[in-house]
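Subject: Structure for your review

Dear colleague,

Please find below the structure that I am handing over to you.

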Amino acid sequence: MITLNHQSSFKMVPGKFICNINLNDNFKNHLLKSNLMKQYVTGVDIGTGSAKAVVINTEGKVIATSQFYYSTNSPQTGYSEQDPEIIWQAFVNCINEIIKKVQHVPIAVSFSSGMHSLLVMDNKNVAITPLITWADTRSEKIAEDIRKS
């Protein structure tokens, strides 16, 4: 879990992403009165090679960007794996960097991720395998045999 301020957080739960941005009324009123609360949205793309974030204000102008790269491992021929913790940290780093640059929490966060990947988790939601990416071909022969049967 990452803390955005004393009452806000992001966390992963199997099958969903929870974004909780809470500002108490006194703090929110202070921001509104002091004109410090700028409205913007953050778009996040979790891709095969990096996590990227862009901040766009209500006029559609890009006001900040962030990107953190990660690698793909091929321990054997046909394997294409990634460390899910490194991808998570890249996402966390993007969000933290954006908030640091803009100095305000977003009014909305939108996600894009075309990763068709497999991650096996235990009953405590802890990854027990590397992330097997869409580019992994280790099951190619099995798939071919099924098609022929």
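The notes below set out what was found in this structure.

This is a predicted model, in which local features need pLDDT of at least 70 and side-chain atom pairs count only at pLDDT 80 or more, while totals for chains, interfaces and linings use all residues. Residues are numbered from 1 along each chain as its sequence is written, and side-chain values use heavy atoms, with hydrogens and water left out.

Overall architecture

The protein contains 3 helices and 9 strands (DSSP runs, H or I of at least four residues for helices and E of at least two for strands, numbered from the N terminus). From the N terminus, the order of these elements is β-β-β-α-β-β-β-β-α-β-β-α. Of the 149 residues, 28% are buried (buried means under 20% relative accessible area, exposed over 50%, and partly exposed in between, with a 1.4 Å probe and protein chains only). The accessible surface is about 9,700 Å², and carbon and sulfur atoms account for 54% of this area (Shrake-Rupley method, 1.4 Å probe; for residues, only the protein chains shown count as cover). Among contacts with a separation of 6 or more, 49% are between residues 24 or more positions apart (contact means heavy atoms within 4.5 Å).

Strand 4 and the core

Strand 4 (40-46) is joined to strand 5 by 7 bridges in an antiparallel arrangement, and the two form a hairpin with 3 residues between them. Strand 4 also runs parallel to strand 8, with 5 bridges (two strands pair if DSSP finds at least two bridges between them). Y40 has N57 as its bridge partner in strand 5, whereas G43 has S110 as its partner in strand 8. The covered face of strand 4 consists of Y40, T42, V44 and I46, and the uncovered face of V41, G43 and D45.

The largest nonpolar core has 19 residues, of which Y40, V44, V55, Y70, F91, I98 and V102 touch the most other members (a set of buried Ala, Val, Leu, Ile, Met, Phe, Trp, Tyr and Cys residues joined through side-chain atoms within 4.5 Å). Strand 4, strand 5 (50-57) and helix 2 (84-102) each supply at least two residues of this core, and helix 2 gives the most, with 10 residues. Beyond four places in sequence, the contacts of Y40 include V55, I98 and V102.

Salt bridges

Side chains of opposite charge can pair when their charged atoms come close. The whole structure holds 6 salt bridges (a side-chain nitrogen of Lys or Arg within 4 Å of a carboxyl oxygen of Asp or Glu). K52 pairs with D45, with 3.1 Å between the closest N and O atoms; K52 is partly exposed at 28% relative accessibility, and D45 is partly exposed at 25%. In helix 2, K101 and E97 are separated by about one helical turn because they are 4 residues apart, and their salt bridge spans 3.7 Å from N to O. K148 and E144 form a salt bridge at 3.0 Å. E81, D136 and R138 are linked in a network of salt bridges.

Surface patch

L118, V120 and I128 make a nonpolar surface patch of about 260 Å² (residues with over 30% relative accessible area and no salt bridge; like charges are joined within 9 Å, nonpolar side chains, namely Val, Leu, Ile, Met, Phe, Trp and Tyr, within 5 Å). L118 lies in the loop between strand 8 (108-112) and strand 9 (131-132).

Yours sincerely
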